[in-house]
Structure formats: structure tokens, C-alpha cells
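The following paragraphs lead through one protein structure, from its overall make-up to individual residues. Please keep the sequence and the model in view while reading.

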Amino acid sequence: HAGENVPPRVRSGADEGSELIRVVTCSDTHSLTRQLDPALVPEGDVFVHCGDFTTKGTSEEIAEFNEWLGMLPFGRENTLVIRGNHEAGIFSRFDPRRAGELLSNATYVDASIVVVKGITFMGVPWKRQFVAQKVLREAGGGVPEGSVATVDVLFAHEPPQGILDHGHGDETLREMANHARVTLFGHIHESAGVEMVDSRLFVNCAVANDGMSAHTITRPIVYFDIRPSSL
């Protein structure tokens, strides 16, 4: 595991009397889950995958990923997934409208907010940040500015601008991150890591090797503990 590399407690805005929830997360597995023994995935309460679970978006790759998710102990309701750019191309067989069928072992979060075990998550699939931003603003009472948390965990495929992004982050996601206690993402493999900004946790949880062509898993799946808040 990589728990020692991730702050183990996220307390900001939390109810200290509530139970800690462990969130296990990764991104950019690129059809390499055969290299990830399910028995060695860290134990936790919620599993979040930030996209690019395939290489070419084929039906076989999608089915293989879904099968791997089914081997994990989290269960469908506690497994949250978004698509990355490798599931969004014109040749990709992944259709978000059929996500419930294609990813029967997960909950596909499409620019929406879900609550799992008392933790509020917002998922932002590839190039869905403008739709998600509108949903986030409405959830926050229509206030677009400031840094008041609207969700506990924001998870996207792209990095927010200027944070673990190798210069390729998204400005809209950076603004959205101001309204989350934790932001998870991937996409830029070589920038995988952890950063604290203004008491907020940012995790680039990409696990595949550096570069454009993924052929091996080189980084561990990480986790963090968070208490439900009274958002």
C-alpha cells in the first residue's frame, strides 16, 4: 500500500465524533489489472477509479475491468468509476448510457454527486467538467466563488491546473477543487503523487508507467481516511 505517502487523516470540516471512512483510489490502470492482485488491493470502505481503465476502449477490455472490480470486496454501491479519455474516443465501445450494464460491479458517476457511507463524492468524467461545475454550483447554493467545501471528495480524470499536472491541468477543475476537501485524479502518469494546498488534499493516483504507452503498473494503489462532514 502507499498509505505512508498519503496523509492518513482528512479532518477539515469533519465531525470528530463520526467514524473514519477509508477511501481506496487509483487511476490509469489501462487494462493492466491482471498485474493487480485483488488480494493485495488495500482494504477500505469505498473504492474510486478515476478513469482510463482501458487502453483502446474495447468491449473485451471493459469486461475484463468489470470482472476485476467484481473480485474486490467493496461491492457495487461502494465502487465509484468515471471514464477517462481512453474510454471516450470515437472507437471506444464504452457508452456511459449503458454504464450500468457494462460496469455491473460499479456505480458510474457522470458529473453528479453521490453519497457513500456519509461521504459526499462528485465524479467528473473526461470533458464533463462544465456540466459538473454547474451541478456543483447548484449544490452549493449557486455561489461560484470562495473556498467553502460543497463536497467531501471531487474525483476527475484530468488534473486541476497547477497541481501535479506537468503543466497540463484544467482551469475549471482547479476552481471546482476549491469546493472539495479532497481532489483525486490521474491522466498525467509522471506527475503521480500527493500535495497539500490550503489544507486540501490533492492526489494524482495514476498507477501506470510514465509516458503515452502504458505497459506496466509501476505505482501502488493509495488510500486515505476521511470523516463524514456536515456539509
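In strand S4, Leu80 is the bridge partner of Val48; helices (H or I, at least four residues) and strands (E, at least two) are DSSP runs, numbered from the N terminus. This is a predicted model, in which local features need pLDDT of at least 70 and side-chain atom pairs count only at pLDDT 80 or more, while totals for chains, interfaces and linings use all residues. Residues are numbered from 1 along each chain as its sequence is written, and side-chain values use heavy atoms, with hydrogens and water left out.

Buried means under 20% relative accessible area, exposed over 50%, and partly exposed in between (1.4 Å probe, protein chains only).

As a whole, the protein contains four helices and 12 strands. Of its 231 residues, 54% count as buried. Among contacts with a separation of 6 or more, 69% join residues 24 or more positions apart, where contact means heavy atoms within 4.5 Å.

The interior can be followed through its nonpolar cores. A nonpolar core is a set of buried Ala, Val, Leu, Ile, Met, Phe, Trp, Tyr and Cys residues joined through side-chain atoms within 4.5 Å. The largest has 24 residues, and those with the most contacts inside it are Phe47, Trp68, Leu69, Phe94 and Leu103. Strand S2 (21–26), helix H1 (59–71) and helix H2 (99–102) are the elements that give two or more residues to this core. H1 provides the largest share, four residues. Phe94 touches, beyond its neighbours within four places in sequence, Phe53, Gly57, Ile62, Arg83, Glu87, Ala99, Leu102, Leu103 and Tyr108. Apart from this core lies another, of 21 residues, including Phe121, Val153, Leu184 and Leu201.

Charged side chains come next. Which residue of opposite charge is nearest to Asp170? Asp170 is found in the loop between S8 and H4 and is buried yet has no salt bridge; the nearest side chain of opposite charge is that of Lys127, 5.3 Å away. Lys and Arg count as positive and Asp and Glu as negative, while His and the chain ends are not counted. A salt bridge is a side-chain nitrogen of Lys or Arg within 4 Å of a carboxyl oxygen of Asp or Glu. Neighbours within four places in sequence aside, Asp170 is in contact with Gln129, Glu158, Pro159, Pro160 and Gln161.

Lys127 does form a salt bridge with Glu158, the closest N and O atoms being 3.4 Å apart. Glu158 lies in the loop between S8 and H4 and Lys127 in the loop between S7 and H3, so the pair ties together parts that are 31 residues apart in sequence. Glu158 is buried, with a relative accessible area of 8%, whereas Lys127, at 48%, counts as partly exposed.

A search of the whole structure finds six salt bridges. Another of them joins Asp110 and Arg128 (2.9 Å, N to O). Asp110 is in the loop between strand S5 (107–108) and strand S6 (112–116) and Arg128 in the loop between S7 and H3, so this pair ties together parts 18 residues apart in sequence.

Finally, Glu195 lies in strand S10 (residues 193–197) and is partly exposed, at a relative accessible area of 30%. Not counting residues up to four places away in sequence, Glu195 touches Ile163, Leu164, Arg200, Leu201 and Phe202. Although Glu195 and Ile163 are 32 residues apart in sequence, their C-alpha atoms are 7.6 Å apart in space.

Note on methods: Pairing = 2+ DSSP bridges.
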